[in-house]
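Keep the 3D view open as you read.

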Amino acid sequence: MIKIYLKQALYQLQENKLLSFISIAGTAMAIAMIMVMVIVQRVGVKSYSPEENRDRTLHVKWMTVANKKEDGTSNGPMALRTAKECFKDLTTPEAVCVYSPIFGNHLATVQGGDLMSVDMLQTDEAFWTVFEFPFLSGKPYDLADCESGLAKAVITVSVARKLFGTTDVVGRTMSIDHSDYTVCGVVKDVSQLASTAYAQVWVPYSSTNIADAGWGGVMGAMRVVMLARSADDFPAIREEAERLRLKFNASLDDKEIRYRDQPDTQFVYNHRKWANVAPNVKGIIIQFIVVISLLLLVPAINLSGMTLSRMRKRYPELGVRRSFGATRGELLNQILLESMVLTLIGGFVGLLLSFGSIYVLNDMLFANSENSFLNGVNAVSLSTLFDPVLFLGAFLFCLLLNLLSSGVPAWRASRQNIVNALNS
């Protein structure tokens with residue numbers, strides 16, 4: 001019987017090509033728009049290499065320094081002294097990394113080679129504990145290297161190939177901004193979407209003069225990222241960080257630092273756009289929910305009206321089938337199966353459409369002020385693209401609307417007097 005219903009459902013698709021196309025397109029667009037929007041948000045918080053531990057990572061991006069005796073504040077990255085005294089002494093996290101984000105492009109070359117613009121991140125040794133990089137050869141610089149200020153560098157495969165023509169480059173020398181560095185490790189290329197760990201070259205911040213940037217020993221060019229042993233430790237880490245902040249402020253004569261609700265989880269960190277304003281997390285979530293609801297409801301209402309119109313045209317057909325002995329249950333089963341087929345086709349098309357949109361509109365969807373000047377690419381893995389729970393939720397919502405918009409009229413038609421149905 002199900003086989004017969006499937007044949008009838010496929011026949012109905014061919015019989016009403018325009019309505020079938022609109023129904024499938026409506027389902028596909030609803031699912032595709034939701035998938036694209038959620039994938040863009042998901043990319044910012046889902047753990048993937050090398051940011052494998054985003055669910056237990058905390059960030060301090062900027063801070064505020066205020067005068068104790070008079071009004072006036074400044075906002076921006078912290079100095080190395082501030083980072084060390086306020087965060088490096090934390091005992092609750094598994095690791096605390098102090099780093100300087102990418103500021104502009106750097107020029108790299110080898111003897112007799114061409115210049116290459118690279119994105120360089122300056123870090124300490126804890127960086128390689130917080131983030132999990134797949135090393136193809138060599139190893140990262142360690143604590144002894146950082147304390148000695150040794151000029152060592154970890155580079156990506158693409159940089160190694162462009163500068164040296166091979167990936168077997170551990171121990172070889174390259175020049176970065178006219179300073180010689182020894183390559184100690186080679187890693188796979190990193191997507192720009194790994195916003196904290198991304199770079200093409202990583203060096204110890206102690207090998208440059210970045211620690212001298214800033215003023216007053218309080219503000220500078222550094223940020224902090226912490227790896228908790230568990231997300232349950234976040235409150236304890238924040239409490240300990242606050243104690244260190246108060247201790248640090250007591251050592252300052254006329255200034256004090258403020259964290260502005262930091263350290264941040266990955267989600268909050270992604271939305272902290274300004275140094276002097278903490279993000280309105282509740283408002284961001286509400287806005288996201290409203291947009292998702294509109295993306296679901298607007299196509300769904302149109303789809304429901306189209307399905308209802310198609311069902312009304314089939315009242316005479318249902319009356320004929322009733323007159324030949326079809327039961328109400330058989331009529332309902334057929335209509336519901338047809339809706340299932342339409343939704344399945346629309347869901348599959350919507351899934352493919354969302355994947356295609358992500359790849360085609362990649363630069364537009366993931367572009368922001370922080371990565372617009374970088375040299376890398378916004379690579380998105382397939383595991384990040386496909387979220388079974390998200391797809392199933394959107395699919396079931398569209399299926400429910402299809403079943404209601406077709407099932408209710410079918411149920412009413414099945415209960416009509418046969419003569420009235422035939423006369424209609």
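**Charged pairs, a patch and a cavity**

Arg243 and Glu239 join their side chains in a salt bridge, at 3.6 Å from N to O. The term means a side-chain nitrogen of Lys or Arg within 4 Å of a carboxyl oxygen of Asp or Glu. The two residues sit 4 apart in helix H7 (residues 234-250), so about one helical turn separates them. Helices (H or I, at least four residues) are DSSP runs, numbered from the N terminus.

This is a predicted model: local features need pLDDT of at least 70, side-chain atom pairs count only at pLDDT 80 or more, and totals for chains, interfaces and linings use all residues. Residues are numbered from 1 along each chain as its sequence is written, and side-chain values use heavy atoms, with hydrogens and water left out.

Stay in helix H7. Arg245 forms a salt bridge with Glu242, with 2.7 Å between the closest N and O atoms. These two are 3 residues apart in the helix, so about one helical turn lies between them. Arg245 is buried, at 13% relative accessibility. Glu242 is partly exposed, at 32%. Buried means under 20% relative accessible area, exposed over 50%, and partly exposed in between (1.4 Å probe, protein chains only).

Move on to Asp254. This residue pairs with Lys255 in a salt bridge, the closest N and O atoms being 3.4 Å apart. Asp254 is partly exposed at 38% relative accessibility, while Lys255 is buried at 16%. Elsewhere, a network of salt bridges links Lys88, Asp124 and Glu125. The whole structure holds 11 salt bridges. Side chains of opposite charge can pair when their charged atoms come close.

Now the surface. Ile345, Phe348, Val349 and Leu352 make up a nonpolar patch, with about 340 Å² of accessible area together. Such a patch takes residues with over 30% relative accessible area and no salt bridge, joining nonpolar side chains (Val, Leu, Ile, Met, Phe, Trp, Tyr) within 5 Å. Areas come from the Shrake-Rupley method with a 1.4 Å probe; for residues, only the protein chains shown count as cover. Leu352 belongs to helix H11 (residues 328-360) and is partly exposed, at 47% relative accessibility.

Finally, look inside. There are 2 cavities of 30 Å³ or more. On a 1 Å grid over the protein atoms alone, a cavity is a set of points where a 1.4 Å probe fits but cannot get out; lining residues have an atom within 4 Å of a point. The second largest cavity has about 50 Å³ of space. Its lining includes Glu51, Arg54, His59, Phe131 and Gln266.

Methods:
Patches are made of residues with over 30% relative accessible area and no salt bridge: like charges are joined within 9 Å, nonpolar side chains (Val, Leu, Ile, Met, Phe, Trp, Tyr) within 5 Å. On a 1 Å grid over the protein atoms alone, a cavity is a set of points where a 1.4 Å probe fits but cannot get out, and a pocket is an open set with protein on both sides within 12 Å along at least five of seven lines; lining residues have an atom within 4 Å of a point. Grid points are joined across faces, edges and corners, and a volume is the space filled by probe spheres set on the points.
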